[in-house]
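Biologist: Shall we go through this model together? I would like to start with the rings and then turn to a sheet.

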Amino acid sequence: MYVTTYAVAILVGIALCFGAPTKKSNTCGYDACNSGDPNKLNVHIVAHTHDDVGWLKTVDQYFYGARNNIQHAGVQYILDSVIHALDQNPDRRFIYVEIGFFWRWWSQQTDAIRNKVKDFVNAGRLEFISGGWCMNDEASTHYNSIIDQHTLGAEFLRDQFGDCGRPKIGWQIDPFGHSREQASLFAQMGFDGLFFGRADYEDYQTRNRTKTMEMVWKASANLGDKSWLFTGVLPNGYSPPDSFCYDIFCADPPIMDDPRLHDYNVPERVQSFIRTAQNEAVGFATNHIIMTMGSDFQYENANEWFKNMDKLMRYVNAQQANGSNVNVFYSTPSCYLYALNQAKRAWTSKTDDFFPYAHHPHGFWTGYFTSRSALKRYERHSNNILQVTRQLNAFANTNLRNSIFYLSEAMGVAQHHDAVSGTEKQEVAFDYALRLAQGISSANLVINQAYSRLLPKVGQPPPSVPQLLCQLTNISECLTVQDQTRFTLTLWNPTIHPILHHFRVPVTRAYTVRDPTGQPILAELIPISDATKNIPGRSSSATNDLLFRASLPALGFNTYFFEAKTNEERTEPKVKITENEECILQNQNIRVEIDAQGNIGHIVNLKKSFAVEFHNQGFYWYQSFPGNNSRSEFQASGAYIFRPLSATPQPVSTTRTITCLKAENVQTARIVFNDWASQEISLYDEGEYIEVEWTVGPIPVNDNIGKEIVLRYDTDIQSASKFYTDANGREVLERTRDYRPTWNYTVVETVAGNYYPVNSRIWIKEQDRQFTILTDRSEGGSSIHDGSVELMVHRRILYDDSLGVGEALNESAFGQGLVVRGKHFLIVEPPASSAAYHRIGSQRLFMHPLATYALVQQPYASYSASYRQTWSALTDTLPMNVHLLTLDQLGPKEYLVRVEQYFELNEDETYSHPVTFDLQSIIKSLGTINNLVEMTLAGNLALSDLHRLKWVTGNEEMAQTNVPQETTLTDTNITLNPMEIRTFRVTVT
């Protein structure tokens, strides 16, 4: 009887069309949204798939559905199936995120399918969310590459779908912690909101209890309300509610709705769903909630999903006739966001970030801040090459943007939250590196085409020999040039300021080096260390680095001419070498005191007349916790998780040896701790930074103990539990040990719980002294004790942390553990002057001069008659606090240009102010600007056309972005405020 009555009620409900009808619309955007019923609990069903662009399989294996024995996943079939399912019912909606996959799929479609997809997009039924090439990691990514990968996706969507393809919402559902800078960048891209799936377990509990799962994130301390972004924590990660998964991978019951058949379950399913919706609503502030229907690589059979969701919605909404307050319908994240916006209520706000993330008391996801540190460096190195290649392509007017795409695409994939994060399988890590290498090879062809135009003097033919990259100079290897009689080295400076740079070339003989004026310059042979010679895989016979100082023009190049000395010309090296004696490194600015046992005693700032004392400095190791992951207390350290067995790390050695080298250009202390850990502390002539080059590996594990290596600096600075770390290379956040700003933090893991991502810098300070470390890649770092800074530089672990990757982070090369080498740059300054050093130093580190070599045959006189040896795109001096972030040639006369003021407010008396300069001065060599349109950060919308939603927080209202009037052709003067990035499409004549 109950069944029959219920079935009749359903039919009546259907006939009466209970529930808010789906809005039939031929428009996209917020106008296409179902606004729900103001008197009901509105459940926004978001049908989605989360498609990793590499993780357990490579990006292309995932796309094609290859190697399903590893993981069953085929993105091409997902998109095929979804498009077919959308065609079956006009009420259905779907969102898609990873444009790296969609681009692959789109390139294989017929015009008929493409037109159908465009219709879905124009009707708001298929919506692109986030729109980046991937869903990027937020801890180990640099802002330059985050912007680039979103720009790559946004450009594709604009070109194929117009304004209806423009994403308005960030969808960071899987990254393992969330950066304030990421939110700020989204806001600057014109986004209205952001949703993510992972928040610390205590933070989540607090927010759910206090109905603050959604908030306005004030994502910049410098940019005001144009960086504010409405942000929501999703209720169920990004998975469906329990028992409502309808994928081929799920075992939940379908909606069995024919009462004549066995196992009829509509009443139970409907009541269960209504309870689930009401329970979820307890943690949220309005009568709108969101349910994510989908998960990793789901919807390969989209019909199974949609057929069951169609039924579920119909039967749940039918219960409104019986007094139910639940109204469920297909929606999208942007429609859900718009419903919250229309609620016209005040929202809580947040000013800190969501790092570190823990999913249980012993599960802090802080290991991946360092995991695969070699890949992290290679990604940063690849970005350096990408930016230089774009500049060369523009200034040489080679118009080879399509050839640069291969590196742009590889970099876009590498930003994925299982790529640069280091949380992929080893085979997939190799694939990411291979893609970058192939992209660099294509970029090198563009570099050669550009130099073939830039190098020849007027009337001279292009060079007959190519420009070659030497990418192993960090281990003193460049087989191309090491034995040559003569060669040239061309250094391109990608910054808009002249720089002094000390450069090393690994060689087997002595050379005369001529600068661009033809004058021989000081070039010293520095013996290559045994630690370098013993690196597995190094095949160079070079025994010395030839060191010289280059004075490079802004946004231009110098060429240095090398000619081997004859026996008569050779002189004995003037490098003074001592062993196991006190070593004092001193130049015009800094003194470093190192004792005969290799311990740093003091770093003295000679100009400011103060010192920082060091109690300890060197390598330590944490023993990785070897758990079985069955419960929280048995959580193992792994690719994601950092969990040391003890909070007290062990020194890698109780003794060390020191070799002191003193030349005119550099003074170096080589400190060897053991046969797998060493460092070189160098001070260059006139240098303002102390360079620490560290080498770690192969980390021994024959004792069956995983080891996580930190480089620690213990000083006498009274840091009062505070330290400071950057967000994605930009703004810096204050950290307090054992503390969270937004909830009562329970201290369980005293080390891992205090680790934060360090993308470019970390410091500690007191009133008059600041100790800053710049990094050459992303690393995990902290201040575990007052006065101490530690950075994790390498990890070798023997257990998996059971978070999906399914293998231990145990990297090897050449038959043994992987050796990793990197650099830290130390700054000792008063807090008032530190920013001028760390801001400028960090920019020059990530936009490093790019070296190319040519094996020229002609003598110097002939070479200098044929080729320019110095060139700069600039004739004007530009302000020191302005940085050229992007110069990308879009067409023969059209360019995308991004410029930024990269100082924060109140951090430097000179540079923390608005700055005005003439944009024409940067591209004067390209022509005269005749059209200038300011764009959103991703370059896909004119800023004058941007209209963001307004939100109320407390008593403050978020003002709409103050959109400037379109810049006139007669005014190319640009004003930048602290931390402001401005993006322009520029046309020249």
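Biologist: How many aromatic pairs does the structure hold?

Modeller: First, a friendly caveat: this is a predicted model, where local features need pLDDT of at least 70 and side-chain atom pairs count only at pLDDT 80 or more, while totals for chains, interfaces and linings use all residues. Residues are numbered from 1 along each chain as its sequence is written, and side-chain values use heavy atoms, with hydrogens and water left out. Rings of Phe, Tyr and Trp (its six-membered ring) pair if their centres lie within 6.5 Å. By that rule, the number of aromatic pairs is 63.

Biologist: Are the rings of Trp103 and Trp133 stacked, edge-to-face or tilted?

Modeller: Planes under 30 degrees apart count as stacked, over 60 as edge-to-face and the rest as tilted. Here the ring centres of Trp103 and Trp133 are 5.4 Å apart and the planes stand at 45°, so the pair is tilted.

Biologist: How many residues apart in sequence are the parts that this pair ties together?

Modeller: Helices (H or I, at least four residues) and strands (E, at least two) are DSSP runs, numbered from the N terminus. Trp103 belongs to helix α4 (residues 99-106), whereas Trp133 sits in the loop between β3 (126-128) and α6 (143-161), so the separation is 30 residues.

Biologist: Which residue does the charged end of Lys707 sit over?

Modeller: A charge sits over a ring if NZ of Lys or CZ of Arg is within 6 Å of the ring centre and within 35 degrees of the ring normal. For Lys707 the distance to the centre is 5.3 Å, and the ring belongs to Trp621.

Biologist: What is the strand order in the open sheet of three strands?

Modeller: Two strands pair if DSSP finds at least two bridges between them. Six bridges join β1 (residues 41-47) to β8, and these two run parallel. The edge strands, each pairing on one side only, are β8 (288-293) and β9 (326-330). With parallel pairing, the order is β8-β1-β9.

Biologist: In β8, which residue is the bridge partner of Ala47?

Modeller: Strands of a sheet pair through backbone hydrogen bonds, either parallel or antiparallel. In β8, the partner that bridges to Ala47 is Met293.
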